[in-house]
Amino acid sequence: MASGIELQGDEQMLADIRRKLASGIARLENQGMREGGEIFAEGQREKVAVSKIDHVHMRDDIRVSPVRRVDGLRVVSIGPGKKTAWRAHFEEFGTEHSPAQPFIYPSFHENKARVAQLLASVQREGMR
C-alpha cells in the first residue's frame, strides 16, 4: 500500500501556471489600454476643429496605436496620424495668426476618470 503521493515536475508545472497567468494579465492590460485609448481618441475627435477645406481632417485621422513597450512600460499613442500630425500643434497651441483651439489635453482631462473606471472594470472581469 502506498503511503503517499509523489509529484514529479511540480516546479515546471508551477512555472507554466505563472507564465500563463502573466500572459493573461498582459492581455487584459493591453485590452484595457486599447479601449481606454479609444475613449480618449473619441474625445479628441469631438473637440478638434474641422475646416471647410476639402482635405484630410484631423478628426478623421485620430488613431490609437497598438500597445508597445517603451523603456519597459507598455504604452499606446493617441492622436492625429501621419497625414495630419504635422498640423496638430497649430490647433493645440495656436500661432501668432490664430488662437489655440486645444483638443488633446481637454479630451484627456475630461475622460481620465472614465478611462480609470474602464481599466478597473477590465481588471475585475479578468479576475473572475
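I began with E11, which I located in helix α1; this is a predicted model, and I keep that in mind for every entry. I looked up the accessibility of E11 and found 57%, so the residue counts as exposed, the cut-off being over 50%. I then took the C-alpha atoms of E11 and Q123, which lie 112 residues apart along the chain, and found them separated by 28 Å.

Next I checked the length of α1 itself. With 38 residues at 1.5 Å a residue, α1 should span 56 Å, and because its end C-alpha atoms are 56 Å apart, I note that the two values agree.

I went on to the buried residues of α1, among which I list L28, G32, M33, G36 and G37, as well as I39, F40, A41, G43 and Q44. I looked up what the buried residues of α1 pack against, and found β1, β3 (73-75), β4 (78-80) and α3 (104-126).

My last entry is on D61, in the loop between α1 (10-47) and β1 (62-64). Its relative accessible area is 3%, so I record D61 as buried, the limit being under 20%. Leaving aside neighbours within four places in sequence, I found D61 in contact with V56, G79, P80, G81, K82, K83 and T84.

Methods. Residues are numbered from 1 along each chain as its sequence is written. This is a predicted model: local features need pLDDT of at least 70, side-chain atom pairs count only at pLDDT 80 or more; totals for chains, interfaces and linings use all residues. Side-chain values use heavy atoms; hydrogens and water are left out. Helices (H or I, at least four residues) and strands (E, at least two) are DSSP runs, numbered from the N terminus. Buried means under 20% relative accessible area, exposed over 50%, partly exposed in between (1.4 Å probe, protein chains only). Contact means heavy atoms within 4.5 Å. The expected span of a helix is 1.5 Å times one less than its number of residues.
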